[in-house]
Each structure stands twice: as structure tokens, then as C-alpha cells.
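Biologist: I have a model open and want to learn how to read it. Please take me through it feature by feature.

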Protein chains: 2
Amino acid sequence: MATLRDIGVSAAVNILMAFAFLLAFAILRLQPINDRVYFPKWYLKGLRSSPTHSGVFVSKFVNLDYRSYIRFLNWMPEGLRMPEPELIDHAGLDSAVYLRIYLLGLKIFVPIMILGFAIIVPVNWTDGTLEHSNVTFSDIDKLSISNVGDGSKRFWTHVVMAYVFSLWTCYVLLKEYGNIVSMRLHFLATERRRPDQFTVLVRNVPPDSDESVSEHVDHFFRVNHSDHYLTHQVVYDANRLANLVKQKKRLQNWLDYNQNKYLRNPSERPTRKTGFLGLWGEKVDSIDFYTAEIEKLSKEEAAERERVMSSPKCIMPAAFVSFRTRWGAAVCAQTQQSRNPTIWLTNWAPEPRDVYWHNLAIPFVSLTIRRLIVAVAFFFLTFFFMIPITFVQSLANIEDIEKVAPFLKKIIEKKFIKSLIQGVLPGLALKIFLILLPTILMLMSKFEGYIAVSILERRAAAKYYLFQLVNVFLGSIIAGTAFQQLHTFIHQPANQIPITIGVSIPMKATFFITYVMLDGWAGIAAEILRLKPLVIYHLKNFFLVKTEKDREEAMDPGSLGFNSSEPQIQLYFLLGLVYAVVTPVLLPFIVVFFGFAYVVFRHQVINVYNQEYESGAAFWPDVHGRIITALVISQLLLLGLLSTKLAAQSTPLLLALPVLTIWFHRFCKDRFESAFVKFPLEEAMIKDTLERATDPNLNLKGYLSNAYIHPVFKGGEESDSVSLADIEQDEALVPTKRQSRMNTPQPSKYSSSSSSHLELQQL
Amino acid sequence: MATLRDIGVSAAVNILMAFAFLLAFAILRLQPINDRVYFPKWYLKGLRSSPTHSGVFVSKFVNLDYRSYIRFLNWMPEGLRMPEPELIDHAGLDSAVYLRIYLLGLKIFVPIMILGFAIIVPVNWTDGTLEHSNVTFSDIDKLSISNVGDGSKRFWTHVVMAYVFSLWTCYVLLKEYGNIVSMRLHFLATERRRPDQFTVLVRNVPPDSDESVSEHVDHFFRVNHSDHYLTHQVVYDANRLANLVKQKKRLQNWLDYNQNKYLRNPSERPTRKTGFLGLWGEKVDSIDFYTAEIEKLSKEEAAERERVMSSPKCIMPAAFVSFRTRWGAAVCAQTQQSRNPTIWLTNWAPEPRDVYWHNLAIPFVSLTIRRLIVAVAFFFLTFFFMIPITFVQSLANIEDIEKVAPFLKKIIEKKFIKSLIQGVLPGLALKIFLILLPTILMLMSKFEGYIAVSILERRAAAKYYLFQLVNVFLGSIIAGTAFQQLHTFIHQPANQIPITIGVSIPMKATFFITYVMLDGWAGIAAEILRLKPLVIYHLKNFFLVKTEKDREEAMDPGSLGFNSSEPQIQLYFLLGLVYAVVTPVLLPFIVVFFGFAYVVFRHQVINVYNQEYESGAAFWPDVHGRIITALVISQLLLLGLLSTKLAAQSTPLLLALPVLTIWFHRFCKDRFESAFVKFPLEEAMIKDTLERATDPNLNLKGYLSNAYIHPVFKGGEESDSVSLADIEQDEALVPTKRQSRMNTPQPSKYSSSSSSHLELQQL
């Protein structure tokens with residue numbers, strides 16, 4: 001059992017690590033050569049075009065100004081200085097609200113921590129049950145509920161504090177939900193004209209023997225929304241075309257690489273082999289080879305583009321339908337169109353950058369089947385993921401490797417390498433799995449058929465949260481695989497489960513303290529260093545970059561990654577709430593995490609991240625719901641723990657707490673959630689009226705005509721075969737770009753060729 | 001343990017009882033004097049105005065035609081003869097679809113019964129495990145799964161049959177859901193113009209300091225639905241007025257009674273005492289007394305009517321808003337109006353007869369609190385209802401009664417009365433509670449704040465179903481109070497619960513067979529006899545009836561009573577599905593119940609019942625959901641049962657069944673449920689267009705202006721003070737009456753004074 005001393009050592013190590021990362025960051029960020037890694041946001045906004053320092057050649061790469069090193073933690077206050085409205089303008093509402101999750105953590109846990117230390121810790125400390133008992137205990141345990149004797153009257157304190165903490169958490173959550181809702185409504189109300197305000201996505205257009213999809217959509221809406229229907233845009237199945245474009249881009253990169261190589265060393269023309277991965281086959285001149293390949297692909301692409309545009313088979317039974325007024329779009333999105341609820345499905349169109357094109361044509365019946373499959377698959381993933389990993393681990397032992405590949409025997413038999421393999425290999429499979437997990441969950445969500453990137457991220461986050469809850473939280477407490485837990489839970493009485501877990505809770509406090517320090521403190525510090533983007537940027541910069549535009553493409557600003565990072569935060573909420581009453585000593589560590597993470601991510605949001613889309617904080621109901629879940633879990637576990645402590649008088653009082661909390665959740669849902677799923681007609685009407693007054697001659701049809709076109713049909717240079725008409729349409733889109741910048745600084749991904757390069761690479 | 005012989009005896013008794021009821025019914029219904037009890041529906045439809053037989057005086061009361069007695073089961077084929085479309089025309093879609101629940105039972109259980117007897121019964125019978133064991137067993141047990149030995153390969157049959165039965169049930173449910181949906185859509189599409197098609201109920205109109213509610217509503221919708229808004233009707237808080245009207249009606253009945261008495265015996269004027277309940281006080285002339293009282297009340301009523309109409313305090317923050325087109329109403333009902341989702345709440349207006357006026361003014365916040373309170377209260381009612389009843393029982397013992405009321409001692413001490421009291425009293429409290437239960441649950445639902453009678457009935461039915469599931473089904477199987485069950489379940493492992501119940505299932509087969517015969521067979525036969533309405537009608541007829549119109553009011557046709565009868569049917573579905581694999585011998589009893597009940601209720605729906613409202617089969621999703629619940633319960637219990645039978649190879653196969661069933665439920669929900677909660681715009685547009693073409697000069701405003709007025713402001717004679725304008729408006733309503741008759745035969749309750757009397761009495 002860890003003593004205070006162990007924790008002190010662990011804390012020192014982690015603080016040192018965090019400090020080292022911060023120091024490295026402070027030095028690296030000041031080097032002009034890294035400017036595009038640490039300040040990409042400003043480049044994308046067009047407010048920064050080259051490193052800030054200029055002068056002698058060296059200072060183009062290295063910062064020689066010693067003064068700037070002295071103030072190496074300067075970025076912290078800088079990051080905090082920007083006021084929230086400006087932040088929303090600068091980085092979008094999604095990012096601003098995301099940061100508020102950390103603030104929410106502080107708001108909840110700082111008062112709880114103070115109360116916990118002022119009331120619960122003294123009550124625990126002064127009982128001294130552990131001292132008079134024979135069990136071994138650490139100093140941490142003396143501060144926890146374990147130190148209070150069975151049946152003691154002191155448990156009244158814990159029961160009362162559980163109520164106080166729950167009330168406080170609910171109060172803060174209520175206030176915050178209200179805030180976020182009004183921020184969202186204000187954001188939606190003040191934002192400029194955007195295509196998605198007028199547009200509804202229609203799916204499952206029924207087949208018609210006489211009419212094409214386009215005509216059918218046109219007729220249907222002309223009849224049923226006669227006063228409001230304006231125009232529509234059919235959806236092409238351009239997935240193959242997008243693949244070709246991506247492939248060409250890859251070849252273009254190789255061509256650039258070889259050309260650069262040749263430029264640097266003109267004496268030797270670079271060559272490659274024609275076989276698989278360039279490993280064998282005939283040797284050819286690389287530059288010629290890639291030029292020819294690109295030529296070939298360009299022709300193929302042009303043919304495919306022709307086919308997509310002309311063949312009716314490539315038109316999906318879906319369309320983006322635009323209306324004259326926001327009112328019309330709001331009405332169409334919220335109502336059912338046809339008798340048969342599985343056809344003519346209407347939803348708000350996600351904003352153009354947010355559309356996940358691949359899923360637009362999934363038929364209705366297949367959707368429910370896909371969700372069933374994913375639900376079952378996710379269940380098995382969560383509870384049985386250890387089975388394949390154990391299998392891989394058993395394969396990867398040295399004897400087997402030697403058998404399969406005898407030529408490696410000599411290397412493996414060396415003592416150092418042998419111990420390295422034996423030490424690393426077993427953990428490697430698990431580590432790789434955990435790194436891949438968010439991607440796997442994202443793939444599952446994609447398979448479920450959601451049509452917007454923002455929804456995909458929210459669904460993947462929900463899955464990741466469940467996985468973490470089962471495998472990290474419960475897994476650490478019960479110390480067994482999820483499958484063993486499942487077995488235990490099924491074979492235990494329902495009232496025994498909270499007891500089993502509750503009893504182990506105080507004993508695991510020290511473990512979770514070290515977990516918070518390692519994963520929270522050092523992890524966050526590593527985040528700010530951006531080691532991976534730094535390396536990749538410099539590699540790209542060296543091998544691929546020819547022009548300033550290429551350099552811009554080489555930047556990888558990244559984004560907040562809601563699907564993997566939010567569930568991580570939720571784990572801290574869960575730990576904080578569970579330990580608030582049991583072992584308040586854990587709370588300072590959580591509070592430090594929230595504070596530190598807030599500062600770091602605020603800096604990143606301002607200087608680095610570039611959100612791919614803007615959903616208007618649509619994720620908040622999920623965040624709220626998960627904190628409520630954590631609260632209920634904490635209450636049930638406390639109930640289980642106290643019921644073993646023979647506090648028969650006080651424990652039944654706790655029964656009302658989860659009921660009240662769940663009711664509170666329902667109340668919040670009724671009160672606030674509609675702001676995230678519906679769009680009030682009153683608002684729409686106000687904006688329509690205003691617009692009619694200020695801009696009576698607006699050519700809305702022109703404005704909307706090409707807003708929802710598949711990304712591969714946009715962008716200049718790659719699509720050489722795009723007709724003049726397309727280019728003109730692109731010009732008609734210029735206002736879009738300018739306006740979307742007001743809210744979301746990135747030049748709309750699919751309307752600018754420069755960024756679409758980048759994005760296609762990422763896909 | 002009951003043997004086949006016991007069951008035979010029980011069956012004989014119950015069949016005899018049912019037969020006696022049917023015979024009594026056959027005789028009573030042929031007497032002209034009972035014509036209004038057994039054929040009220042035809043009177044209400046105006047197709048029958050006096051008993052069919054005429055001639056000598058006696059034959060006005062007694063049917064002397066012996067031939068009609070011979071064919072005493074004639075009503076059965078008669079009841080079945082009416083084709084379904086005509087039935088919908090005659091009795092409304094609600095009733096027609098309600099009858100289909102019984103048909104559904106036949107469709108599900110007849111093939112299951114045949115398969116069960118062809119396959120499962122022989123498999124069970126030929127194993128003979130019981131014969132070689134020492135346990136006592138009945139013949140029924142030899143046909144059940146108990147007769148198959150542990151670990152036998154024969155359990156494969158049961159597993160396969162569980163799949164077959166579940167598949168068949170789901171298939172029938174799917175088909176039926178599709179049928180009902182198309183019936184509903186057809187019904188809605190073909191019905192004539194009705195006020196609720198154009199009208200939306202708006203609740204939680206926010207207070208405005210400058211404008212009255214009426215002006216505020218008018219302005220809001222004029223702005224936000226400018227093209228479609230037509231008119232609106234504010235809601236008055238007329239609950240006190242309704243009470244006065246009801247009271248007056250009661251006094252009027254007493255006056256009639258005394259006048260009749262005087263007419264029959266002119267020698268003596270009836271008198272009464274003025275004190276409480278006429279038990280003491282000064283003796284006065286009854287006719288004068290009641291006339292004076294009615295006079296007084298009339299004045300009071302007029303004053304109250306004046307106050308309601310003029311005082312702004314009596315105007316609730318709710319309104320019925322009508323639109324020019326069905327399209328406009330459909331849009332408004334399905335969209336959110338305001339930023340704040342707790343104000344300007346819009347819903348489809350229930351049809352005028354269906355509105356539950358009392359709940360229209362409940363504010364939003366109070367709604368969630370009310371639901372919490374009811375949920376908690378219902379939980380305690382279900383699990384702890386035995387506590388107060390036991391308490392009452394313990395109070396009601398003879399010694400206590402003698403102490404409290406010594407003057408009763410002499411009577412009580414008589415042996416016969418003493419044993420009667422001791423035999424009856426303990427059961428009495430429980431019996432009274434069970435009779436009152438549907439009323440209690442209905443009161444709870446009313447407290448929850450739903451705004452339509454149809455919704456109230458559905459909610460009360462859901463509660464009653466849960467109560468039955470816990471207290472009748474589980475209570476009979478585990479043989480303990482619900483509270484003891486709760487205790488058991490909490491203290492048992494989750495996987496132990498289906499085992500505990502599953503193991504008891506085969507042993508309770510005989511109990512449930514007798515239950516089905518008593519409650520199902522004899523109960524249904526008693527239903528057709530209508531003993532209570534028969535007695536009440538004749539009492540009223542004798543004491544109160546003066547004119548033919550009074551006689552019409554004395555009829556009590558009753559209605560299907562969805563809130564108490566549907567959960568009863570669900571119990572049979574549950575029993576059938578649970579025993580289908582375990583003890584198929586139970587199935588014939590269930591099938592007979594469904595067949596018999598179908599015939600009886602079809603007769604009643606055609607000849608007797610008069611639905612108070614028409615919801616267009618809105619209850620079907622509930623019915624469907626509960627059958628699915630029963631299916632899942634049956635699967636889990638089979639799983640529990642088989643897991644004790646050591647059938648380790650076959651049992652795990654069953655695990656997929658509940659998952660698939662729940663998925664099937666979700667699929668049905670997605671596919672069909674929207675037909676019950678939304679109204680497709682396409683339909684609305686078609687009907688609007690059609691109407692514009694056929695009836696271009698329709699004065700819709702006039703048509704709608706008074707459709708949604710509180711019932712007490714309608715109706716002729718009671719509201720003497722209603723102005724001429726009101727009467728004119730009533731005339732404007734005539735078309736409504738005529739049209740609503742097309743679908744729902746009852747002359748719209750609140751637009752005809754004759755039926756509103758009746759309804760107010762029922763309230």
C-alpha cells in the first residue's frame with residue numbers, strides 16, 4: 001500500500017516530467033523554424049505569414065534573443081487574456097464551450113475540495129479506528145472514510161456532505177446548461193447568413209419509375225412546401241472519385257519528394273523499382289515514373305468525373321433542399337413529410353464542412369440493422385477485447401518467432417535484445433490496441449450511418465466513455481478483466497454490486513492519485529509540446545515543400561478531437577465525484593488537473609487547433625448527461641460502502657439521492673435539450689424579416705446553388721477537367737468563404753483548394 | 001397439486017357459470033323493457049327509438065314470442081356479421097382496433113397451440129422422468145417441461161420452438177402494426193373536416209404586462225405563422241362553474257324524483273328534512289325545497305358564468321389556435337415556437353370531446369415535479385400497497401368494533417353475523433382496493449397533467465399493467481407480497497432472478513389455468529350481462545324518468561374502458577407466451593378466452609358501448625410494446641428455467657433471442673410509431689388542396705370559432721344565461737355534428753345538450 005512518501009515521490013517525478021515538457025515547449029516555440037507548428041491557427045487566419053523574427057540568416061531558424069527565454073511561462077497569462085466573446089469569434093463556439101468543460105470541473109471541485117478538507121478530513125482523521133485495529137494502513141487511509149469505525153455516528157457527516165456535494169454539482173450543472181444554451185442561441189442568432197440555415201437534408205427519396213431523383217425531389221417539395229421551396233442539390237456517389245483524387249495526391253507527394261531530391265543533388269537522378277512498394281522489379285527514373293503515373297491517374301479521374309456527373313446510377317436517393325426562408329427550412333426539418341416515415345426523411349443539413357458524404361445513401365432498414373450489429377460488436381469489444389490481445393501476446397514469444405523466422409535467431413539470442421523483446425512485446429499489443437481504440441470506435445460510428453462528422457465524433461465519444469468506465473474505472477477497482485467483472489456482476493445480487501465496488505474504492509485512492517498525475521499532469525504537458533506534429537512538419541518541410549503554399553499544407557494544426565479527449569475528462573469528473581466523500585485527499589490532484597488543462601487547452605485553441613466544423617456546442621447534452629451519470633455512480637457506490645459500515649440509521653437517507661438526481665436530469669433534458677435539436681420558428685422569423693429589410697435584392701438561389709456539392713467537385717488545380725461553369729460557381733461561393741470566416745476561422749475546407757489538399761491527406 | 005380431475009371440475013363450474021350468464025343475457029335482452037340497456041348504441045345513433053315489439057300492453061315489457069328464445073345464442077353470429085369497414089363507421093376506429101387485440105391473440109396463439117400440441121407435448125410426455133422419480137406430480141406436469149430429465153437432448157426441441165414461437169409472434173406483430181398504421185392513416189385521410197385537424201393547443205403562454213393572453217396569442221401567431229394563422233380560442237378556468245352545473249343537475253334529479261312520487265301518490269306531498277343528508281332538522285315540502293334550491297343555484301351559476309367570461313383571472317395561459325390550412329396546423333404542432341422550450345408549447349389539439357379541461361393550465365416546471373411525485377407514489381403503491389390494507393384489516397376485527405361501538409354488540413354477537421363478518425371483513429379491504437385501483441391510477445395520471453382523456457387512459461393503463469405484472473403475475477408465481485419480491489430481487493444475483501421465477505413457472509400452470517377460466521371465461525360472460533347498468537337503469541327509470549328524453553339520459557352505454565381492460569388482456573398474452581414452451585396445455589384456455597372475448601366485445605361494441613372520444617387507435621404502440629415486453633419476459637424465464645436443467649449445449653443459444661426481440665421492437669418503433677405522433681405534411685397538403693377545390697367558399701373561421709369552448713358554455717337548457725350569440729354559434733356547429741357522426745356515431749358530446757347531461761353525470 002502506497003504511503004504518503006510514495007505519493008510524494010510519484011508527484012515529484014510527474015511534476016518534473018511536466019516541467020521538462022513545458023520547458024521544452026517554451027524553448028521550441030520561440031524558434032522561428034517551429035513557428036508553423038506552434039502557431040498554425042494564426043497562419044490559417046491569415047494574420048501571420050512568416051516567422052515574427054527576421055534579420056540575420058540564423059535567426060530565421062533559431063531565436064537568439066535571450067530575453068524571450070526568461071519569460072518562458074509567458075504563454076499562460078497570454079492564453080488566458082483573450083476574453084470569451086473574442087475567443088468565440090476566433091475559434092468558434094465549439095472550442096469555447098469545450099474549454100468551459102474544464103472550467104466546469106473547477107467550479108464543481110474547488111468548493112467541494114474546500115468543504116472536504118474543512119469538514120470530512122478532520123472527521124475522518126480524529127476517529128482513529130485504524131490505529132486501534134490490526135490492519136496495515138497508509139497515511140492516506142487515515143484521512144479517508146476507512147478510518148471511521150463501523151456503526152459510528154460520524155457517518156452522518158458523510159451522508160450530509162453527499163447531499164451537499166450532489167446539490168452543489170447539480171446547481172453548477174444547471175447554471176452551466178443555462179449558460180451554454182443562451183450562448184448557443186446567441187451564437188445561432190447573431191451568425192451571418194450560412195447555407196445550412198436555409199437547407200435541409202432529405203434522405204431516402206423513394207425511387208420513381210418516371211422521374212429522376214432530381215425531378216422527383218423538385219416536384220415533391222414544390223407541392224408540399226409550395227411557398228418556401230427554392231432549389232435543391234442532388235448528392236453524387238463520388239466515393240471512388242475521391243479515392244482517385246487521394247491517390248493522385250499521394251503520387252504528387254512522391255514526385256515532389258523526388259524532384260526536391262534531384263534539385264539538392266543534381267548529379268544523380270533518383271530511381272525506384274516498379275514492383276510492390278518499390279522493393280523489387282525493374283529500376284526506372286522516379287521523376288518520369290511518377291509523372292507518367294499521375295498522367296494516367298488524371299485521365300482516369302477525368303473519366304470517372306464524367307461518369308459520376310452523367311450516370312444516373314451515381315445519383316444517390318438523397319438531396320440538399322434549400323428554402324427561400326429560414327422559417328421554411330426550420331419547418332421542413334422538424335416535420336414529417338410522408339405517410340411512410342421511412343422515406344423523405346428530413347433533417348437539418350449539417351454545415352457543408354461537417355457533412356460525412358460517405359453515409360448519405362444508406363437506406364432506412366439497413367440503418368437499424370447496422371446499429372444492432374454495432375451495438376453487439378461494441379459489447380464484445382468492451383467485455384472481451386482482452387481475448388484477441390492475449391492471443392496475439394501468446395503468439396509473440398521468442399521461441400515462436402525463432403521457429404517461424406530462423407534467420408532472426410542470431411539477433412534475438414543476444415541478451416539485451418532478448419530481454420527487450422520479452423519486456424516490450426507482451427505490452428505492445430495492448431498499447432497498440434489502446435492507441436487504435438478511438439479510431440476503431442470512430443469506424444464503428446461511421447458504420448452506424450450518421451451523416452455528419454460532429455455526430456460521428458459524439459457517438460464515438462459515447463462509446464469511448466463506456467469503454468473507459470468499464471475497463472479503466474471498474475477494471476482498476478475490481479482488478480480483473482471486464483469479462484470477469486461481467487461474470488461477477490451477473491452472479492451477484494443487485495445490491496451486492498455497489499457494495500463490492502464501494503468497499504474497494506477507498507483502497508484504490510492512492511492508485512488513482514498516481515494515475516491522475518501521470519495521465520493528467522504529464523499527459524497534458526506532453527500535449528502542448530506537440531511532438532508528433534513537430535516531427536512530421538519538419539520531415540515534410542524537408543522532403544516535400546517547394547513553394548510557400550506547400551509549406552502551408554505541411555502544417556497540421558489538428559483539432560480538439562472530441563471523440564477521444566472528452567471521455568478522458570469525464571473520467572476525472574467520475575473520480576472526483578466518487579472520491580469527494582470517501583477520500584477527499586484526491587480532490588486537489590483533480591483540481592490541479594482541471595486548472596492546468598484549462599490553461600494548456602486555451603493556449604492550444606487560440607494558437608494551434610483548427611476545428612474542422614462548427615456544431616454550435618451540440619455536444620453539451622452529452623457532457624451534461626455523463627457528469628450526471630458519474631454523480632449517480634458515486635451515490636450508489638457510497639451507498640454500497642456505507643451499507644457495509646453498519647451505519648443503519650444514516651444510510652437509507654441516501655436512497656433518495658439517485659432518484660432526485662435522475663429526476664434532475666430529466667428536468668434539464670426537458671428544459672434545455674430542445675435548444676440542441678430544434679430550431680425555434682420565432683428566431684427564424686426574426687432573422688428572415690431582418691434580412692428582407694436589410695438585403696431585399698439578395699440572390700439567394702445563386703448563393704445556395706453550389707454550397708452543398710461534393711468536395712471533389714470543388715477546388716481548383718486538381719480538377720483540371722472542371723468546366724468553366726464550375727469555376728464560375730466557385731466564384732459565386734466567395735461570399736460564403738468570407739462569412740464563414742467570421743465564426744469559424746478556417747477558410748471553408750472544401751471551398752479552398754489549399755486546405756482541401758490537406759484534408760484529403762488526412763482522410 | 002391440482003390433478004386433471006380438479007381442473008375438469010373447475011372447468012365444469014366455470015363453464016356452467018359462463019353458460020348461466022349467457023342464458024340470463026339471452027333472456028333479458030329479448031325483453032323490450034331492457035332494450036335500452038342492451039342496445040343503447042342504436043338509440044344514440046337514432047336508429048332505434050322504442051322497443052322493437054309492440055302490441056298488447058304486457059309485450060311492451062316482456063317478450064312473449066317463444067321462438068326468439070330458441071335461438072338464444074343468435075347474437076353471436078349477428079355480432080360477427082358486420083364487416084370491419086362498417087364497424088369503423090359504426091363505432092369508430094378505436095373500438096375496431098381494440099377488437100383486433102383479441103384477434104391478434106388468436107392469430108398468435110392458435111398456431112402456437114397447434115405446434116405446441118403437435119411437437120412439445122409428445123416430447124414432454126414420452127420422456128417419463130417424473131414417473132421414475134419420487135416427487136409427486138399431476139397429469140398436467142407430465143405434459144410440461146418438468147417431465148424432461150436434466151441434461152436431456154430433448155431440450156433442443158424447446159429451444160428451437162422458443163425461436164419458432166418468438167419469430168411467429170414478431171411476424172404477426174409486424175403485420176398487425178403495419179395494418180393498424182394503414183388503417184389509421186386511411187381513417188385520418190378519409191375523415192371529413194374536423195376542428196382538430198386545423199387546431200393546435202398552445203400551452204404556457206408567457207405572461208405579458210401590456211397585453212391580455214388573447215392579444216398576446218393573436219400577435220405571436222400572426223407574426224410567426226403569418227400565412228396560415230386564422231383564429232384562436234382562449235381557455236377559461238371554468239372548473240368551479242362546471243361544479244355548479246353538476247350540483248344543479250343533482251338537485252334537478254331529486255326534484256324529478258319527488259315530483260314523480262307525488263304524481264303516483266297525489267294524496268301526500270313528499271317531505272324531507274333540511275339538515276345533513278335529509279337526516280334531521282326541520283321538515284319541509286320536498287318539491288318546494290328543491291325548486292327553491294335550484295333557483296338559488298341558477299343565480300349563483302349565472303353570476304359565476306358572468307365572472308368567468310369577464311375576469312381576466314379566469315383566462316388560463318393556454319389557447320386553441322386554429323389555422324387556415326391543415327398544413328399550417330401540422331407545421332405548428334410539430335415545431336418549436338420559441339427559444340425557451342418551456343413556453344409556447346404546441347401540440348395537436350385533441351378532438352373537442354377528448355380534451356381534459358382541468359389540466360390545461362399546469363405550468364411547465366410543475367409538470368416535471370408532478371411526474372416525479374407520481375412515479376414515487378406509484379412505486380410505493382405497487383410494492384407496499386399491502387401495508388395499509390393489512391392495517392385496515394387489523395383494525396376491522398370484531399373486538400375493536402365492539403369497543404368503539406358498544407351498541408352494535410348485540411347484533412354482532414349473533415353467530416351467523418359474527419362468522420360472516422370474520423369471513424368477509426379481511427378480504428373486503430383488499431377487494432375494495434382492487435376495485436378502486438383503476439380509479440386511483442386514473443387520478444394519478446390526471447395529477448400528472450395530461451391534457452386529453454385518451455392520453456390519461458393510456459397512462460393509467462400503463463400503470464395498471466405494471467401493477468398486474470408485479471402483483472398478479474410475479475405475485476402468484478413467487479407467492480409473496482411485492483415487497484418481499486423486491487427484497488428477494490435486490491438480494492439475489494441478477495442471473496438468479498430468472499432462475500427463481502423460471503423454476504416455479506411449470507408448478508403454477510394449474511393455478512393459472514383456473515385463473516384464466518374464472519377471470520377470463522366467467523368474467524367475460526358477466527360482462528355481457530351488464531348487471532350493474534341493468535339495475536341502475538331500472539332504478540332511474542322508475543324514480544327519475546318523466547319524459548322520453550329523461551329515459552334517454554338514464555341509459556348508460558358505458559365504453560370500452562381502455563385503462564382497465566387492456567392490461568387484463570395483456571396478462572393473457574403474458575401467460576400464453578410464458579407457458580407456450582413450458583406447459584402448452586395452458587394454451588387452449590387462453591385461445592378460448594380470446595375467441596370468446598372477441599365475440600362478446602364485438603357484440604358489445606356494436607350494440608352497447610359508446611366511446612367518449614376517438615383517438616384514431618393512438619393506443620396501439622402501447623399494446624405492441626407490452627406484447628414485446630411479455631415476449632422478452634417469457635424468453636428470460638425460459639432461459640432461467642433451462643439453465644437449471646443442465647442443458648448446457650442448448651441454453652446459450654437462447655441468449656440471442658431477447659437481444660433480437662428488443663431490436664425488433666426498436667425497428668418497429670422507428671418504422672411505425674411516427675404515424676401515431678406526427679402528421680405528414682404530404683397528407684395535409686393533399687387534403688387542403690382537395691378541400692380548396694371542392695369547397696372554395698368555406699367559412700372556416702365560422703366553422704372553427706366555437707369548436708373548442710368549455711363544455712359548460714355549450715348546451716341549451718342548463719345555460720339559460722347563454723346569449724343568443726352562443727346559440728347561433730351552436731347552430732354554426734351543426735355541420736360538425738353531422739360529420740363527426742360519420743366516423744364516431746355519438747353526436748359530439750359537448751355540442752348536444754342531451755348527451756352532455758349524461759356525461760356530466762358520469763364525471
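**Strands, chains and domains**

Modeller: Start with one pair: Tyr236(B) stands opposite Ile315(B) in β5(B). This is a predicted model: local features need pLDDT of at least 70, side-chain atom pairs count only at pLDDT 80 or more, and totals for chains, interfaces and linings use all residues. Residues are numbered from 1 along each chain as its sequence is written, while chains are lettered from A and ligands numbered from 1 in the order in which they are written.

Biologist: In what sense do β2(B) and β5(B) pair, and over how many bridges?

Modeller: The general idea is this: strands of a sheet pair through backbone hydrogen bonds, either parallel or antiparallel. Two strands count as paired if DSSP finds at least two bridges between them. Strands are DSSP runs (E, at least two residues), as are helices (H or I, at least four), numbered from the N terminus. Here β2(B) and β5(B), residues 315-323, are antiparallel, with six bridges.

Biologist: In what order do the four strands of the open sheet in chain B lie?

Modeller: Read β2-β5-β1-β6, with antiparallel pairing. From one strand to the next, the twist averages 30°. Axes are lines fitted to C-alpha atoms, for helices over the stretch in contact, and angles run from 0 to 180 degrees between N-to-C directions.

Biologist: How many residues does each chain give to the contact between chains A and B?

Modeller: Contact means C-beta atoms, placed from the backbone, within 7 Å. Chain B gives 36 residues and chain A gives 36 residues. On the chain B side, α30(B) supplies the largest share, five residues. That side has 16 nonpolar, twelve polar and eight charged residues. Nonpolar covers Ala, Val, Leu, Ile, Met, Phe, Trp, Tyr, Cys and Pro; charged covers Asp, Glu, Lys and Arg; the others, Gly among them, are polar.

Biologist: By what turn can chain B be laid on chain A?

Modeller: A turn of 180° and a shift of 0.0 Å along the axis does it, with an RMSD of 0.1 Å. The two copies are thus related as by a two-fold rotation axis. Superposition is by least squares on C-alpha atoms of residues with pLDDT of at least 70 in both copies. Also, 100% of the interface residues of chain B are interface residues in chain A, so the copies meet through the same surface.

Biologist: Which helix gives the most to the side of domain 1 that touches domain 3 in chain A?

Modeller: α27(A), with seven residues.

Technical notes. Contact = placed C-beta atoms within 7 Å.
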